[in-house]
Amino acid sequence: MNTPKPKENPFAARDAAAYKRWRDWKLENQPQVAASLLVDVDDPFNVTPGEHGALLDRLRVCNLAVYALAKTDAPADEIIRAIAGRFGLFEPDRHLCAEEDGITPLSAVEGGQRKRYIPYTDNPINWHTDGYYNEPVQRVRAFMLHCVSQAPTGGDSAVMDPEIAYIRLRDKNPEHISALQKPQVMTIPANEENGVEIRGPVTGPVFFVDPSDGALQMRYTARGRNIEWADDAATQDAVQALVRVMDRDAPDVIRFRLKPGQGIICNNVLHARTGFDDDKENNQKRLVYRGRFYDRIAE
Ligand SMILES: [Fe+2]
(Lines give C-alpha, C1' and ligand atoms only; values in the text may rest on other atoms or scores of the structure.)
Protein backbone atom coordinates (compact mmCIF):
# COMPACT_ATOMS: atom_id res chain seq x y z
CA MET A 1 0.00 0.00 0.00
CA ASN A 2 2.80 2.40 -0.82
CA THR A 3 2.13 3.89 -4.26
CA PRO A 4 0.59 7.36 -3.99
CA LYS A 5 -3.01 7.74 -5.11
CA PRO A 6 -3.41 9.55 -8.46
CA LYS A 7 -4.61 13.11 -7.86
CA GLU A 8 -7.18 13.53 -10.64
CA ASN A 9 -10.77 12.36 -10.23
CA PRO A 10 -11.51 9.48 -12.62
CA PHE A 11 -15.32 9.79 -12.37
CA ALA A 12 -15.92 13.52 -12.50
CA ALA A 13 -13.50 14.01 -15.39
CA ARG A 14 -14.86 11.24 -17.66
CA ASP A 15 -11.33 11.13 -18.97
CA ALA A 16 -10.28 7.66 -20.21
CA ALA A 17 -6.58 8.19 -19.46
CA ALA A 18 -7.28 9.44 -15.92
CA TYR A 19 -9.60 6.51 -15.35
CA LYS A 20 -6.95 4.06 -16.52
CA ARG A 21 -4.29 5.55 -14.23
CA TRP A 22 -6.66 5.36 -11.27
CA ARG A 23 -7.84 1.83 -12.15
CA ASP A 24 -4.28 0.51 -12.42
CA TRP A 25 -3.34 2.15 -9.13
CA LYS A 26 -6.40 0.64 -7.42
CA LEU A 27 -5.80 -2.90 -8.65
CA GLU A 28 -2.08 -2.78 -7.88
CA ASN A 29 -2.69 -1.70 -4.28
CA GLN A 30 -5.74 -3.75 -3.28
CA PRO A 31 -5.42 -5.80 -0.09
CA GLN A 32 -5.80 -9.52 -0.85
CA VAL A 33 -6.37 -10.79 2.68
CA ALA A 34 -8.24 -9.53 5.71
CA ALA A 35 -5.03 -9.34 7.76
CA SER A 36 -3.77 -6.43 5.65
CA LEU A 37 -6.81 -4.35 6.67
CA LEU A 38 -6.02 -4.70 10.36
CA VAL A 39 -4.44 -1.95 12.48
CA ASP A 40 -3.76 -2.26 16.22
CA VAL A 41 -5.05 0.73 18.15
CA ASP A 42 -4.12 1.02 21.80
CA ASP A 43 -6.62 3.59 23.11
CA PRO A 44 -9.71 4.59 21.07
CA PHE A 45 -9.87 7.93 22.91
CA ASN A 46 -6.31 8.77 21.96
CA VAL A 47 -5.62 7.38 18.47
CA THR A 48 -1.96 8.20 17.83
CA PRO A 49 -0.78 9.85 14.60
CA GLY A 50 0.87 6.52 13.65
CA GLU A 51 -2.32 4.52 14.19
CA HIS A 52 -4.38 7.18 12.41
CA GLY A 53 -1.99 7.18 9.45
CA ALA A 54 -2.02 3.38 9.20
CA LEU A 55 -5.85 3.31 9.16
CA LEU A 56 -5.94 6.13 6.61
CA ASP A 57 -3.47 4.31 4.32
CA ARG A 58 -5.93 1.43 4.10
CA LEU A 59 -8.97 3.69 3.73
CA ARG A 60 -7.32 5.52 0.81
CA VAL A 61 -6.64 2.31 -1.04
CA CYS A 62 -9.83 0.34 -0.43
CA ASN A 63 -12.27 2.60 1.50
CA LEU A 64 -12.08 0.23 4.46
CA ALA A 65 -9.96 -0.52 7.52
CA VAL A 66 -10.31 -2.75 10.58
CA TYR A 67 -9.04 -1.67 13.99
CA ALA A 68 -8.22 -3.94 16.90
CA LEU A 69 -8.34 -2.20 20.28
CA ALA A 70 -6.10 -3.04 23.20
CA LYS A 71 -8.40 -1.14 25.62
CA THR A 72 -12.04 -2.19 25.30
CA ASP A 73 -13.58 -1.35 28.67
CA ALA A 74 -15.44 1.83 27.54
CA PRO A 75 -19.03 1.72 26.23
CA ALA A 76 -19.18 0.83 22.52
CA ASP A 77 -21.08 3.98 21.52
CA GLU A 78 -18.38 6.16 23.11
CA ILE A 79 -15.67 4.17 21.32
CA ILE A 80 -17.44 4.66 17.97
CA ARG A 81 -17.96 8.39 18.57
CA ALA A 82 -14.30 8.88 19.54
CA ILE A 83 -12.88 7.06 16.50
CA ALA A 84 -15.45 8.56 14.14
CA GLY A 85 -14.53 12.07 15.26
CA ARG A 86 -10.85 11.38 14.56
CA PHE A 87 -11.80 10.66 10.92
CA GLY A 88 -14.15 13.61 10.43
CA LEU A 89 -17.39 11.67 10.89
CA PHE A 90 -19.61 14.01 12.87
CA GLU A 91 -23.04 13.85 11.28
CA PRO A 92 -24.87 10.66 12.31
CA ASP A 93 -27.78 9.13 10.38
CA ARG A 94 -30.80 9.24 12.67
CA HIS A 95 -32.91 6.54 11.05
CA LEU A 96 -36.00 4.74 12.28
CA CYS A 97 -34.36 2.38 14.74
CA ALA A 98 -31.30 4.38 15.78
CA GLU A 99 -30.73 5.73 19.25
CA GLU A 100 -30.56 9.51 19.74
CA ASP A 101 -26.94 9.75 18.64
CA GLY A 102 -27.40 7.56 15.54
CA ILE A 103 -25.42 4.69 17.08
CA THR A 104 -27.37 1.44 17.17
CA PRO A 105 -26.80 -1.84 19.00
CA LEU A 106 -27.34 -4.78 16.62
CA SER A 107 -28.28 -8.11 18.13
CA ALA A 108 -30.97 -10.75 17.72
CA VAL A 109 -33.96 -9.24 19.57
CA GLU A 110 -37.14 -10.96 20.74
CA GLY A 111 -39.80 -8.52 19.52
CA GLY A 112 -40.86 -4.93 18.89
CA GLN A 113 -40.41 -2.66 15.89
CA ARG A 114 -36.83 -3.74 15.27
CA LYS A 115 -37.78 -7.39 14.76
CA ARG A 116 -39.12 -6.45 11.29
CA TYR A 117 -35.64 -5.48 10.16
CA ILE A 118 -33.11 -8.14 9.38
CA PRO A 119 -30.10 -6.60 11.21
CA TYR A 120 -31.96 -7.26 14.47
CA THR A 121 -32.25 -10.98 13.80
CA ASP A 122 -29.70 -13.83 13.59
CA ASN A 123 -30.43 -14.35 9.88
CA PRO A 124 -27.79 -13.92 7.18
CA ILE A 125 -27.71 -10.47 5.54
CA ASN A 126 -27.10 -10.35 1.80
CA TRP A 127 -24.93 -7.81 -0.05
CA HIS A 128 -25.88 -4.16 0.36
CA THR A 129 -24.61 -0.70 1.07
CA ASP A 130 -26.12 1.11 4.05
CA GLY A 131 -28.98 3.56 3.64
CA TYR A 132 -29.82 2.50 0.06
CA TYR A 133 -33.42 3.49 0.89
CA ASN A 134 -32.47 6.98 2.10
CA GLU A 135 -33.27 10.20 0.27
CA PRO A 136 -30.20 11.98 -1.20
CA VAL A 137 -30.18 14.50 1.68
CA GLN A 138 -29.66 11.59 4.07
CA ARG A 139 -26.92 9.90 2.06
CA VAL A 140 -24.92 7.46 4.21
CA ARG A 141 -21.30 8.02 3.14
CA ALA A 142 -19.55 6.14 5.94
CA PHE A 143 -20.30 3.60 8.63
CA MET A 144 -18.58 1.88 11.52
CA LEU A 145 -19.23 -1.47 13.17
CA HIS A 146 -17.78 -2.24 16.59
CA CYS A 147 -17.90 -5.78 17.94
CA VAL A 148 -18.66 -6.14 21.66
CA SER A 149 -19.24 -9.90 21.73
CA GLN A 150 -19.47 -12.85 19.35
CA ALA A 151 -21.97 -15.67 19.09
CA PRO A 152 -20.36 -19.12 19.46
CA THR A 153 -20.70 -19.60 15.69
CA GLY A 154 -21.40 -17.42 12.65
CA GLY A 155 -21.74 -13.68 12.16
CA ASP A 156 -18.85 -13.59 9.63
CA SER A 157 -18.50 -10.45 7.53
CA ALA A 158 -17.84 -10.17 3.80
CA VAL A 159 -16.84 -6.80 2.36
CA MET A 160 -16.10 -5.40 -1.06
CA ASP A 161 -14.98 -1.93 -2.12
CA PRO A 162 -17.66 -0.43 -4.43
CA GLU A 163 -14.86 1.12 -6.52
CA ILE A 164 -13.60 -2.40 -7.26
CA ALA A 165 -17.12 -3.53 -8.18
CA TYR A 166 -17.26 -0.54 -10.54
CA ILE A 167 -13.90 -1.44 -12.12
CA ARG A 168 -14.79 -5.12 -12.60
CA LEU A 169 -18.11 -4.20 -14.24
CA ARG A 170 -16.59 -1.50 -16.45
CA ASP A 171 -13.84 -3.92 -17.55
CA LYS A 172 -16.50 -6.50 -18.40
CA ASN A 173 -18.73 -4.09 -20.30
CA PRO A 174 -18.94 -0.28 -19.92
CA GLU A 175 -22.64 -0.54 -20.84
CA HIS A 176 -23.23 -2.15 -17.43
CA ILE A 177 -22.00 1.04 -15.78
CA SER A 178 -24.17 3.22 -18.04
CA ALA A 179 -27.23 1.11 -17.14
CA LEU A 180 -26.56 1.27 -13.41
CA GLN A 181 -25.93 5.03 -13.48
CA LYS A 182 -29.40 5.80 -14.86
CA PRO A 183 -31.38 7.87 -12.33
CA GLN A 184 -34.46 5.62 -12.63
CA VAL A 185 -32.67 2.25 -12.47
CA MET A 186 -33.49 1.17 -8.90
CA THR A 187 -36.63 1.81 -6.85
CA ILE A 188 -37.03 0.83 -3.23
CA PRO A 189 -40.77 0.52 -2.57
CA ALA A 190 -42.41 2.46 0.25
CA ASN A 191 -41.98 1.14 3.79
CA GLU A 192 -45.28 0.46 5.51
CA GLU A 193 -45.90 -0.51 9.08
CA ASN A 194 -49.40 -1.72 10.05
CA GLY A 195 -50.76 -0.25 6.82
CA VAL A 196 -49.23 3.19 7.43
CA GLU A 197 -46.57 4.48 5.06
CA ILE A 198 -43.52 5.52 7.09
CA ARG A 199 -41.29 6.18 4.05
CA GLY A 200 -42.27 6.82 0.42
CA PRO A 201 -40.68 4.94 -2.51
CA VAL A 202 -37.10 6.02 -3.31
CA THR A 203 -35.73 5.88 -6.87
CA GLY A 204 -32.14 6.48 -7.91
CA PRO A 205 -28.97 5.14 -9.56
CA VAL A 206 -26.77 2.31 -8.27
CA PHE A 207 -23.50 4.10 -9.11
CA PHE A 208 -23.21 7.87 -9.06
CA VAL A 209 -20.66 10.58 -8.44
CA ASP A 210 -21.35 12.41 -5.22
CA PRO A 211 -21.88 16.05 -6.21
CA SER A 212 -20.46 17.21 -2.87
CA ASP A 213 -16.97 15.72 -3.28
CA GLY A 214 -16.65 13.87 -6.62
CA ALA A 215 -16.37 10.47 -4.90
CA LEU A 216 -18.02 7.37 -6.34
CA GLN A 217 -21.09 6.30 -4.37
CA MET A 218 -23.12 3.12 -4.56
CA ARG A 219 -26.72 2.29 -3.56
CA TYR A 220 -27.40 -1.41 -3.65
CA THR A 221 -29.18 -4.30 -2.01
CA ALA A 222 -29.34 -7.88 -3.21
CA ARG A 223 -32.66 -8.43 -1.41
CA GLY A 224 -34.85 -9.05 -4.46
CA ARG A 225 -38.17 -8.40 -2.78
CA ASN A 226 -36.99 -4.94 -1.72
CA ILE A 227 -36.19 -3.69 -5.21
CA GLU A 228 -37.91 -2.76 -8.42
CA TRP A 229 -35.35 -2.66 -11.22
CA ALA A 230 -35.88 -0.76 -14.47
CA ASP A 231 -37.63 -3.10 -16.87
CA ASP A 232 -35.13 -3.37 -19.74
CA ALA A 233 -32.55 -5.90 -20.94
CA ALA A 234 -29.52 -3.68 -20.32
CA THR A 235 -30.48 -3.28 -16.66
CA GLN A 236 -31.13 -7.01 -16.19
CA ASP A 237 -27.73 -7.85 -17.75
CA ALA A 238 -25.94 -5.29 -15.61
CA VAL A 239 -27.59 -6.48 -12.38
CA GLN A 240 -26.69 -10.11 -13.14
CA ALA A 241 -23.11 -9.12 -13.91
CA LEU A 242 -22.94 -7.21 -10.62
CA VAL A 243 -24.20 -10.25 -8.70
CA ARG A 244 -21.39 -12.32 -10.29
CA VAL A 245 -18.82 -9.72 -9.24
CA MET A 246 -19.79 -10.39 -5.60
CA ASP A 247 -19.90 -14.19 -5.98
CA ARG A 248 -18.71 -16.39 -3.15
CA ASP A 249 -15.39 -17.13 -4.82
CA ALA A 250 -14.76 -13.67 -6.27
CA PRO A 251 -11.15 -12.70 -5.54
CA ASP A 252 -12.12 -9.16 -4.53
CA VAL A 253 -14.35 -10.22 -1.64
CA ILE A 254 -12.63 -10.08 1.74
CA ARG A 255 -13.99 -12.21 4.56
CA PHE A 256 -13.35 -12.04 8.29
CA ARG A 257 -15.08 -12.44 11.64
CA LEU A 258 -14.90 -9.43 13.93
CA LYS A 259 -13.57 -10.29 17.37
CA PRO A 260 -14.58 -8.40 20.53
CA GLY A 261 -12.77 -5.06 20.51
CA GLN A 262 -12.41 -5.03 16.72
CA GLY A 263 -14.30 -2.75 14.39
CA ILE A 264 -14.74 -1.64 10.80
CA ILE A 265 -14.47 1.94 9.62
CA CYS A 266 -15.35 2.50 5.97
CA ASN A 267 -16.78 4.70 3.23
CA ASN A 268 -20.02 2.67 3.02
CA VAL A 269 -18.54 -0.37 1.29
CA LEU A 270 -20.60 -3.34 0.08
CA HIS A 271 -21.05 -5.78 2.92
CA ALA A 272 -22.82 -9.00 3.85
CA ARG A 273 -23.02 -11.15 6.98
CA THR A 274 -23.57 -14.84 7.61
CA GLY A 275 -26.26 -15.98 10.06
CA PHE A 276 -25.26 -16.78 13.64
CA ASP A 277 -26.42 -18.83 16.62
CA ASP A 278 -26.48 -17.17 20.01
CA ASP A 279 -26.02 -19.34 23.08
CA LYS A 280 -28.72 -17.76 25.24
CA GLU A 281 -28.25 -20.16 28.17
CA ASN A 282 -24.64 -19.20 28.60
CA ASN A 283 -25.27 -15.58 27.61
CA GLN A 284 -22.90 -15.84 24.67
CA LYS A 285 -24.65 -13.49 22.26
CA ARG A 286 -23.50 -11.49 19.28
CA LEU A 287 -23.55 -7.76 19.95
CA VAL A 288 -22.23 -5.27 17.41
CA TYR A 289 -22.73 -1.50 17.52
CA ARG A 290 -23.17 0.42 14.30
CA GLY A 291 -22.72 4.10 13.54
CA ARG A 292 -23.81 5.56 10.19
CA PHE A 293 -22.70 8.98 9.03
CA TYR A 294 -23.59 11.47 6.34
CA ASP A 295 -19.91 12.53 6.11
CA ARG A 296 -17.24 10.80 4.09
CA ILE A 297 -14.01 9.87 5.89
CA ALA A 298 -11.68 12.87 5.88
CA GLU A 299 -8.38 12.28 4.11
FE1 LIG B 1 -25.37 -2.78 6.57
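Colleague: Which residues of α4 are buried?

Modeller: α4 spans residues 162-172, where helices (H or I, at least four residues) and strands (E, at least two) are DSSP runs numbered from the N terminus. Buried means 20 or more other C-beta atoms within 10 Å of a residue's own, exposed means 12 or fewer, and partly exposed lies in between, with C-beta atoms placed from the backbone. By that count α4 is mostly covered, with 8 of its 11 residues buried. They are Pro162, Glu163, Ile164, Ala165, Tyr166, Ile167, Arg168 and Leu169.

Colleague: What pLDDT do side-chain atom pairs need in order to count?

Modeller: A word on the numbers comes first: residues are numbered from 1 along each chain as its sequence is written. This is a predicted model, in which totals for chains, interfaces and linings use all residues, local features need a pLDDT of at least 70, and side-chain atom pairs count only at pLDDT 80 or more.

Colleague: How are α4 and α6 oriented to each other, roughly parallel, roughly perpendicular, oblique or roughly antiparallel?

Modeller: Ala165, Arg168, Leu169 and Lys172 in α4 meet Ala241, Leu242 and Val245 in α6, a contact being C-beta atoms, placed from the backbone, within 7 Å. The two axes come within 10 Å and cross at roughly 125 degrees; axes are lines fitted to C-alpha atoms, for helices over the stretch in contact, and angles run from 0 to 180 degrees between N-to-C directions. Under 35 degrees counts as roughly parallel, over 145 as roughly antiparallel, 65 to 115 as roughly perpendicular and the rest as oblique. α4 and α6 are therefore oblique.

Colleague: Which strands stand at the edges of the sheet of 6 strands?

Modeller: This open sheet has mixed pairing and runs β1-β2-β16-β5-β19-β3, where pairing requires at least two bridges found by DSSP between two strands. Two of the strands have a single partner each, so one side of each is left without a neighbour in the sheet. The twist from one strand to the next averages 20 degrees. The edge strands are β1 and β3.

Colleague: Which residue of β19 stands opposite Phe143?

Modeller: β5 covers residues 142-149 and β19 covers 287-293. The two strands are antiparallel and paired over 7 bridges. Opposite Phe143 stands Arg292.

Colleague: At about what angle does α3 run to β5?

Modeller: The buried residues of α3 (76-86) include Ile79, Ile80 and Ile83. Its buried residues pack against α2, β2, β3, β5, β16 and β19. The helix lies across β2, β3, β5, β16 and β19, and its angle to β5 is about 145 degrees.

Colleague: Which residues does Ile83 touch, leaving out those up to four places away in sequence?

Modeller: Ile83 is among the residues with the most contacts inside the largest nonpolar core, which has 66 residues. Such a core is a set of buried Ala, Val, Leu, Ile, Met, Phe, Trp, Tyr and Cys residues joined through C-beta atoms within 7 Å. The largest share of this core, 6 residues, comes from β5. Ile83 touches Pro44, Val47, Tyr67, Met144 and Ile265.

Colleague: Is Asn268 buried or exposed?

Modeller: Asn268 lies in the loop between β16 and β17. Its phi is positive, about 40 degrees, although Asn268 is not a glycine. With 25 other C-beta atoms within 10 Å, Asn268 is buried.

Colleague: And Asn283, is that one buried or exposed?

Modeller: Asn283 sits in the loop between β18 and β19. Phi of Asn283 is near 55 degrees, again positive in a residue other than glycine. With 8 C-beta neighbours inside 10 Å, Asn283 counts as exposed.

Note on methods. Contact = placed C-beta atoms within 7 Å.
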